[in-house]
Amino acid sequence: MSALSQRALKQYLYDQSKDTLIEEILVTVSKFKVVEEFYRSKIDDDSVALARYKGIIKKAFTISLTTRKVRFPIANKAVNDFRKVASSSKSVADIMLFFVETCIEHKKTYGSMTSEFNRNMENMYKDAIKYIEDKGLKDVFSDRCKSISDVTSGFVFGRFVKIIHIGQDKIDEPDGYQY
């Protein structure tokens, strides 16, 4: 089965009446949670979806008695899924930094982590910094990034400390700064 082309979908939608389209959207919203979250973010704000996806991330970092392993695929999927339903770039940056802050809290609680743990934290932070810069949100998140930098400056786990400082330099420097 081939993927539905945008052209075919557009033609189908143009051929439908307004009432039919409204009915189809209502049915779709009732069948698919992600579609409901998408429209809730459009109509209200991202707060309900943001809280839900932050909860998923927190739960992915919950350590059971049988395993000390963080479920990064679940946490990363939560960030990616939220990006699909969010209507605000601030909320997307917020959840990305929340992921990093949750990593930091986990590390402070459980101590030394694996290279996979550090790599996931580092990659999300780099992605967050890039996203914040691309969306022009430096003023909104500079204090939070500085806080992350301050907290992690005592950590000794290789490249992440360097990335934190590189990211912090990017956030704090005036426009035109080149690293």
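The structure is a predicted model, in which local features need pLDDT of at least 70 and side-chain atom pairs count only at pLDDT 80 or more, while totals for chains, interfaces and linings use all residues. Residues are numbered from 1 along each chain as its sequence is written, and side-chain values use heavy atoms, leaving out hydrogens and water.

The protein has nine helices and zero strands, these being DSSP runs (H or I, at least four residues, for helices; E, at least two, for strands) numbered from the N terminus. Of its 179 residues, 36% count as buried. Among contacts (heavy atoms within 4.5 Å) with a separation of 6 or more, 64% are between residues 24 or more positions apart.

Buried in H4 are Ala49, Leu50, Tyr53, Lys54, Ile57 and Ala60. These residues cover an arc of only 130° around the axis, which puts them on the same side of H4; the arc is that of the directions from the helix axis to the C-beta atoms. Their cover includes helices H3 (33-43), H5 (72-85) and H6 (89-110). Exposed Ala51 and Lys59 sit on the face of H4 turned away from its buried side.

Nine salt bridges are found in the structure, each a side-chain nitrogen of Lys or Arg within 4 Å of a carboxyl oxygen of Asp or Glu. One of them pairs Arg52 with Glu37, with 2.7 Å between the closest N and O atoms. Since Arg52 lies in helix H4 and Glu37 in helix H3, the pair ties together parts 15 residues apart in sequence. Glu37 is buried, with a relative accessible area of 5%, whereas Arg52 is partly exposed at 34%.

Asp94 and Arg144 form another salt bridge, their closest N and O atoms 2.7 Å apart. Asp94 belongs to helix H6 and Arg144 to helix H8 (residues 138-152), so this pair links parts 50 residues apart in sequence. Returning to Lys108, its side chain meets that of Glu105 in a salt bridge (3.5 Å, N to O). Lys108 and Glu105 are three residues apart in helix H6, and therefore separated by about one helical turn. Finally, salt bridges that share partners join Lys54, Asp94, Glu101 and Arg144 into one network.

Conventions: Buried < 20%, exposed > 50% of the residue type's maximum accessible area, 1.4 Å probe, protein only.
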